[in-house]
Amino acid sequence: MDDYLSPAALPPHVLDRDDMRTALRVRDFGAVFALAKKWGGISFQKIADACDIKAQRVGELARGQGEVTSLSKVEQITDAMRIPGEMVGLAPRPWERSSKPTVVTGTVIPAQQTTEEARPQAEIGLSYARSLTDTLATVASLGSSDVHRRSFLTNATFAVAALASPSRDWLLASLDQFDADKPRRVGPEQIDVMREAFGTFQEMDVIGGGGDTARRLVAQYLTEHVMPLVEQPQAPTVQQSLYEVASEQTYLAGWMAFDSGRHGLAERYLIQSLRLAQASGNRMLGAHVLAGLSDQATQLGYPEEGLNLARAGQHGLRGVHAPAALTDLYVLEARAHAVLGDVMAAVRAIGNAEQTYDTINHDNEPEWARFIDTAYVTGEIAASLRDMNDAGNAERFARESIAAAQQQKRNRRASLSQAVLAASHVQRGELEAATSAAHRALDLSDGIPSIRVTAAMEGLQGRLSGYEDQPEVQALMSRFRAV
């Protein structure tokens with residue numbers, strides 16, 4: 001592969017153009033294709049053949065019709081067009097000579113080093129700022145860019161290296177506040193109105209299944225209604241309550257971005273939410289944000305980081321009565337242990353989660369903790385048990401989650417737990433029951449724009465791929481392909 005020169009390979013003088021660098025930095029491959037044709041003489045047909053994309057689709061992308069969002073396709077295009085990985089936010093590609101620096105028309109770029117001009121936009125929202133003023137400006141910028149669909153953010157990649165500092169800084173600052181024994185702040189009626197708006201948006205996510213349109217409504221409300229009030233001088237009690245509301249709204253925007261597959265955007269929202277939670281003095285809320293970051297890290301293939309974030313959240317709750325937030329953190333600790341293969345640690349974390357869950361009184365919990373309930377907790381425990389190959393208990397918890405979720409008409413949660421149920425049947429070789437549960441999962445997932453649901457369905461396909469000689473599996477696979 002190292003010696004093969006693709007017919008779609010970009011010449012150095014094209015790679016070195018400012019407009020090409022900008023297009024690559026934000027992964028605007030439509031612009032990349034158009035520039036490759038204009039300045040490199042590379043036809044759309046050559047690009048299509050090399051990148052395994054239909055020529056018509058290449059032309060549509062070049063005209064600004066659509067985006068390339070699949071990471072596997074981004075990597076395929078990068079390799080076919082011989083684009084250094086660092087120019088699109090990837091690690092050096094296999095064909096890049098590790099012993100040689102990348103040279104672009106006389107400019108030497110060392111391996112795994114980001115060019116300075118690529119940093120400002122690519123790193124927006126990834127830092128946990130000491131200055132709260134910087135945090136407020138960053139949240140406003142994220143919300144505005146999200147509403148206006150700026151591709152450098154919606155297509156931003158998840159950066160696991162950005163997670164270590166925020167969890168550490170939040171924990172240290174929050175424990176300082178604990179030692180100072182600061183009183184809890186309560187806001188006036190205008191705060192209650194914004195909390196009601198948050199409740200409505202959360203319903204859109206949990207019951208309606210979220211999606212890009214719902215998230216942009218949250219971002220618009222955050223940018224146009226919440227942040228202007230936060231940025232104005234207020235009485236101390238009101239100010240802290242506003243920080244709390246802003247943190248809740250920013251967290252929800254981040255979670256909805258994660259569920260839509262906008263992982264880089266989600267990470268940026270969540271880091272800023274964590275900083276706002278610190279400013280509000282609400283350690284329970286900060287621990288909740290760390291739970292979201294933990295869940296994202298584990299599901300994106302970084303369970304070690306997910307485990308560290310869950311534990312940081314648990315430590316941050318020292319001295320706080322927060323059973324719902326603590327239950328969530330134990331559940332996510334179990335998920336990380338299960339993925340890492342540490343069965344005994346996962347079992348301990350599940351036991352802690354069940355014990356803590358029994359002490360929850362939802363009437364005394366904040367609005368954002370409302371859905372840390374039976375449907376969610378048993379569903380996540382079922383997923384951990386599936387990953388531990390404990391099919392019997394995975395089925396038991398999955399059925400409990402499905403029943404609770406369907407009672408609330410939460411199709412996304414029911415679909416996720418139905419997929420776990422199907423997987424538990426596959427693990428025991430019960431193909432008829434597995435395909436029946438999988439069909440039900442597909443029924444429930446219809447119309448839900450969730451990357452987690454998509455991943456669950458793809459996981460089922462993978463588990464059943466060895467049984468395609470069976471008629472019931474063949475019929476299911478046909479339906480998967482159609483979907």
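Among contacts in the protein between residues at least 6 apart in sequence, 70% join residues at least 24 apart. Contact here means heavy atoms within 4.5 Å. The model is predicted: local features need pLDDT of at least 70, side-chain atom pairs count only at pLDDT 80 or more, and totals for chains, interfaces and linings use all residues. Residues are numbered from 1 along each chain as its sequence is written, and side-chain values use heavy atoms, with hydrogens and water left out.

The secondary structure comprises 24 helices and two strands. These elements are DSSP runs numbered from the N terminus (helices: H or I, at least four residues; strands: E, at least two). The protein has 483 residues, and 53% of them count as buried. Buried means under 20% relative accessible area, with a 1.4 Å probe and protein chains only.

Two packed helices are described by the angle between their axes and the distance between the axes. Helix 13 (residues 236-259) packs with helix 14 (residues 263-280) at about 165°, and the axes lie 8 Å apart. Axes are lines fitted to C-alpha atoms, for helices over the stretch in contact, and angles run from 0 to 180 degrees between N-to-C directions. Helix 13 and helix 14 are therefore roughly antiparallel, a term for angles over 145 degrees. Their crossing is left-handed, that is, the near helix is turned anticlockwise from the far one by less than a right angle. Residues of helix 13 that meet helix 14 include Tyr-243, Tyr-251 and Trp-255. Among those on the helix 14 side are Tyr-269, Leu-270 and Leu-276.

Helix 16 (residues 303-316) and helix 17 (residues 323-340) have axes that come within 9 Å and cross at roughly 155°. Helix 16 is thus roughly antiparallel to helix 17. The crossing of helix 16 and helix 17 is left-handed. Helix 16 contributes residues including Pro-303, Leu-307 and Arg-311 to the contact. Helix 17 contributes, among others, Leu-326, Tyr-330 and His-337.

Arg-93 sits in the loop between helix 6 (71-80) and strand 1 (102-104). Its relative accessibility is 14%, so Arg-93 counts as buried. The side chains of Arg-93 and Asp-79 are joined by a polar contact of 2.8 Å. A polar contact is a pair of N or O atoms within 3.5 Å; within protein, one must be able to donate a hydrogen and the other to accept it, and residues adjacent in sequence count only if both atoms are side-chain atoms. Beyond its neighbours within four places in sequence, Arg-93 is in contact with Glu-75, Thr-78, Asp-79, Ile-83 and Gly-85.

How values were computed
Buried means under 20% relative accessible area, exposed over 50%, partly exposed in between (1.4 Å probe, protein chains only). Angles under 35 degrees count as roughly parallel, over 145 as roughly antiparallel, 65 to 115 as roughly perpendicular and the rest as oblique.
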